[in-house]
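Here are a few notes to read alongside the coordinates. Have a look at the sheets while you go through them.

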Amino acid sequence: MGQDLLNRVRVAIEKQGLLRAGERVGVAVSGGADSVALLLLLVELRRQLGVVLSVVHFNHKLRGKHSDADEKFAAKLAAEHNLSFYAGRGDVAAEAKLRKANLEDTAREARYQFFAVLVATGQLDKVVVAHTADDQAETVLAHILRGTGIAGLGGIHPRVGHVVRPLLGVRRAELRAYLKSKKQTWREDATNRDTTRMRARIRKKLMPVLEEQFQAAVVEHLATLAELAREDEAFLERLVDSGIRKFVERGTGSARIPISELLGFQTGTEFNAEGAEGAESTEVTEKNFAISKRVLRRIVGELKPRAGQLNAAHIHSILDLARRGENGKCLDLPGGLQVRREHDSLVFCAGSSLTESKLRRGVEYQYAVDLDGLTTNIRVPELSCVFRFRVIDWPAKRRDTIEAGYVLDREALQWPLTLRNWHPGDRFRPCGHRNEHKLKRLLSKKRVSGQEREGWPVVTSGGALVWARGFPVAAELAANEQTRFGVVITEEPIS
């Protein structure tokens, strides 16, 4: 059985191009059976795949000494196989409480953020995680029970950025049998049996009933459904990409789409010739109505500055605004976004009616920035957001990391360092520009309206402008080959 399992995992990796020879691959090992089996399988396959393995573990600090024991177990496994070990830690419970967020979502976010840092700093190229066919089936069922569309039916994707999942075709029981054949122990997480959580109820109560009383192959069938749904979703998203490239004008934190083109998706003017030639008009209308809704979801998803779920009622309201709305009428949307009708177009931008009324009155602020620590947070109530200044190590030979054009050289900065609103006459030369320009001109070229640019945040160093929202940093202060420490500036809404 072990050889058959190895062959199936190898074929899945090669067929889907999940890993490539020469890549540095971190195996995410929680200590549970699935992740331990994944590690052992890849240890056996690493010569055939040509990859360099290491072990990655994130300690969520949720189970006290048991969490610490999980970390020690993962470290011991790495040592036994002569692999590098990367450990991350975070007080997830405290973070979830602070943000008033779901504990499981916060834990997942912290874990994947740790993976992203390892890749961004060039220590790893990929991170492999141990989601199985059972996880896929449970995810699809959870999405169905909560209410979902085609995207949700797609479940867990084999590859998302630098994270890959080669075990989506493998049952959980197979992995445990494999570990037992290797006489390899693993750690059990008691929270996985907590049936107050929906996922645990699906695993412990619903799936056994479905397998025993309805369909023995329910896991395999749900996995197939997910694969087919992902294929259909990819096709529909290509149609959306085409429409957005042709008709959506993007600005900094905003997007504009002509109403005639948005409604044209419904009446078939754009896609009739490409995919529905000869079809009855009612069929064309229904098919392209779906594309219109997808275009709206994509615009909102890309622009919203914070979490928020767009539902069917919101989509209906946006389409109603397009069909019958008055010029200047606005709708507030989830995620801190607003859509406004401007003559024959819909304009989407971050903010709310209240925020816009503040901007119309003008916004003035100025805050000193202290970089003595690794992270400095500056709250700007005038913009309802927080600016985060992070000092990072800047490797001389960076790989797959943040572009230098968006990182300041820490040692080149001069004091005072100030975060303030832009002033008429402000000038600077962003990375990639040959000459210095007025910021007003740069904002105009990005189609940032006069209303939007009120209170636009900038950073000055020794009185000279070195950063402005939406642009690369000033060319003369950008991180380079000699840089030892960089400064990254990010913006988050005040929760």
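1. Two strands count as paired here if DSSP finds at least two bridges between them. Keep in mind that this is a predicted model. With that rule in hand, β16 (residues 417-421) and β19 (residues 457-461) pair in the antiparallel sense, over five bridges. Within that pair, Asn421 sits opposite Pro457 of β19.

2. That pair belongs to an open, antiparallel sheet of four strands, ordered β12-β16-β19-β20. The edges are β12 (366-368) and β20 (464-468); each has a single partner strand, so one side of each is left without a neighbour in the sheet. From one strand to the next, the twist averages 30 degrees.

3. Now for the five-strand sheet, which is also open and antiparallel, in the order β7-β8-β11-β10-β9. Here β7 (249-251) and β9 (330-333) are the edge strands, and because each has a single partner, one side of each lacks a neighbour in the sheet. The twist averages 20 degrees from one strand to the next.

4. Inside this sheet, β8 (residues 254-258) and β11 (residues 345-350) form an antiparallel pair over five bridges, and Ile257 stands opposite Leu346 in β11. Helix α14 (residues 312-324) packs on the sheet, touching β9, β10 (337-342) and β11, and its direction makes about 15 degrees with that of β10.

5. Is Arg298 buried or exposed? This residue is found in helix α13 (residues 281-303). Its relative accessibility is 18%, and buried means under 20%, so Arg298 counts as buried. Leaving aside residues up to four places away in sequence, Arg298 touches Glu237, Val240, Asp241 and Ile244.

Technical notes
Residues are numbered from 1 along each chain as its sequence is written. This is a predicted model: local features need pLDDT of at least 70, side-chain atom pairs count only at pLDDT 80 or more; totals for chains, interfaces and linings use all residues. Side-chain values use heavy atoms; hydrogens and water are left out. Helices (H or I, at least four residues) and strands (E, at least two) are DSSP runs, numbered from the N terminus. Axes are lines fitted to C-alpha atoms, for helices over the stretch in contact, and angles run from 0 to 180 degrees between N-to-C directions. Contact means heavy atoms within 4.5 Å. Buried means under 20% relative accessible area, exposed over 50%, partly exposed in between (1.4 Å probe, protein chains only).
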